Amino acid sequence: MPANDQDHEKETLLETDRTHMWHHMSPYNPNPMIVTESQGSWITDIDGNRYFDGMSGLWCVNIGYGRQELADAAYEQMKALAYFPLTQSHVPAIHLSKKISEWLAGEYRVFFSNSGSEANEVAFKMARQYHAQRGEPGRYKFISRYRAYHGNTMGALAATGQAVRKQSYEPLAPGFKHVPPPYCYRCPYGKTYGSCNMECANAIDEMINWEGAETVAAVIMEPTITGGGVIVPPPEYLPKVREICDKHGVLLILDEVICGAGRSGRPFGHQNFGVQPDIVTMAKGITSGYLPLSATAARAEIADVFLEPGPNQHFRHLNTFGGNPAACALALRNLELIESEGLIERAEQLGHDLRSKLATLENHPNVGDIRSFGFICGIELVEDRTSKAPSAPDRVLKVISECKKRGLLIGRNGDTIPGFNNILTLAPPFSTTEEDLEFLVNVLRDVFEQL
Ligand code: PMP
């Protein structure tokens, strides 16, 4: 297309966008990138500019862009059976539920929905009803951590521990309590890892005691806080939380929406810590973002309680689209390819390589801390390494826009915690090559040198 026609097409699209679109996170984005093509770990905008997608979209395009096999799986399934509700069954959901149970290395029953938020809502309802079925209807409270993100619906947002995201929407669902995160770089208890008593984990024990164990249904957490700033817990943290939950008869829900689907270098993030959760929620990477699908997997013993006589023998929850056949067929193919191409091991290796290349930035005066978990990385920017004063939003936004000018898209720990807008995030697709990693780190180094 001649350049003039191309400019005209883009202007027309932008005009239509401004008139009709309500963008996520903002009603008005006057100049959005219009992304048109993709391959591997790279996307192309309408002007033909290529960008390395350092965030896999929203932490989801795990396998990488442009996989024909996934398109074929959805296409073939749509021709055979485009839709049927999961009050009955269909072949792709059956196979996918088995595959997810295999990845979880335990006996789980899998309930399908459409988004991570919904998967967490399902987990909350399962947990409350599980206790009610067993004669403890008073267990309705949930404990999560400050800085965590668990979704945008009224329950999942209530579990979220980021004040700015909640403002304007409160009151949210009642019954959600928060404890401080295991944030060793800025320990909420003023301690240093190695000489602390895991006060952050004990806070959960204390809260259960203060609230009364007989009122607490479950604890929900990500294996590593991702969107809240890549807060990686010490190795003993999750096992300790598991122990505390067991002591009080409280269920442990692990939100694997980001850390699952191979992202952590294991099938699921919690497998790095040797704990077995009661309920696991997942979304994003299970379809690598190609179609919407999420799942809530409950240990078989928990699901079995719903078969026993109780106040409400059925799990009274359904949704129209959850477990759509094409989405399930695609997810199954996605997980099979991740397995057969060794992409979980690859994610682990890429994570190590990225972390060691980033070590060259460690002495920069604005780099306070670099944290990684599998193929996820967070770079915490500070104004001063001694005081650890977080970098001002302008500086962080400048880094992001300078990276973009050089063809690199990265994320940040959104403006979700007042004063803490300062963590750059990276979670590239598993299709990333060593050459791509080199590019990514070179761009960051170049931008940091100009800070
Ligand atoms: N849990 C976590 C940990 C997430 O990161 C997200 C989304 N960023 C969600 C839940 C919610 O998922 P969704 O946007 O698909 O509703």
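In the predicted model, the ligand is surrounded by 16 residues, of which S115, G116, S117, G151 and V257 are the closest. Within this shell, the greatest contribution is that of helix α5 (residues 116-133), which supplies three residues. By residue class, the shell around the ligand comprises nine polar, five nonpolar and two charged residues.

Contact between them involves 30 residues of domain 1 and 27 residues of domain 2. On the side of domain 1 that touches domain 2, two or more residues are given by each of α2 (56-59), α12 (343-358), β11 (367-373), β12 (376-381) and β15 (423-426), with α12 giving the most, namely five residues.

The largest nonpolar core holds 120 residues, and the members that touch the most others are A127, A218, V219, L251, I253 and I279. Helix α11 (residues 325-340) provides the largest share of this core, with nine residues, and at least three residues are drawn from each of domain 1 (33-62 + 343-449) and domain 2 (68-340). When neighbours within four places in sequence are left aside, A127 is in contact with A217, A218, L251, I253 and I279.

One of these contact partners of A127, I279, belongs to strand β9 (residues 279-282), from which I279 and T281 point one way while V280 and M282 point the other, all of them being buried. In a regular strand the side chains alternate between the two faces of the sheet. Strand β9 is joined in parallel to strand β8 (residues 251-255) by three bridges, and in this pairing D255 has T281 of β9 as its bridge partner. Strand β9 also pairs with strand β10 (residues 294-299), here in the antiparallel sense and over four bridges, with I279 standing opposite A298 of β10.

A separate description applies to the open sheet of four strands, which follow the order β1-β2-β3-β13 with mixed pairing. Because β1 and β13 (408-409) stand at the edges of this sheet and each has a single partner strand, one side of each is left without a neighbour in the sheet. Strands β1 (residues 35-39) and β2 (residues 42-45) run antiparallel and are joined by four bridges, among which V35 is partnered with D45 of β2. These two strands, β1 and β2, form a hairpin with two residues between them, and G40 in the turn adopts a positive phi of about 60°.

The antiparallel arrangement continues from β2 to strand β3 (residues 50-53), the two pairing over three bridges, with T44 opposite R50 of β3. A hairpin is likewise formed by β2 and β3, with four residues between them, and G48 in its turn has a positive phi of about 90°. By contrast, β3 and β13 run parallel and are joined by two bridges, F52 having L408 of β13 as its bridge partner.

Notes. Residues are numbered from 1 along each chain as its sequence is written. This is a predicted model: local features need pLDDT of at least 70, side-chain atom pairs count only at pLDDT 80 or more; totals for chains, interfaces and linings use all residues. A nonpolar core is a set of buried Ala, Val, Leu, Ile, Met, Phe, Trp, Tyr and Cys residues joined through C-beta atoms within 7 Å. A residue is buried if 20 or more other C-beta atoms lie within 10 Å of its own, exposed if 12 or fewer, and partly exposed in between; C-beta atoms are placed from the backbone. Domain bounds come from an automatic or database domain assignment. Two residues are in contact if their C-beta atoms, placed from the backbone, lie within 7 Å. Two strands pair if DSSP finds at least two bridges between them. A residue is near a molecule or strand if its C-beta atom, placed from the backbone, lies within 6 Å of it. Ala, Val, Leu, Ile, Met, Phe, Trp, Tyr, Cys and Pro count as nonpolar, Asp, Glu, Lys and Arg as charged, and the others, Gly among them, as polar.
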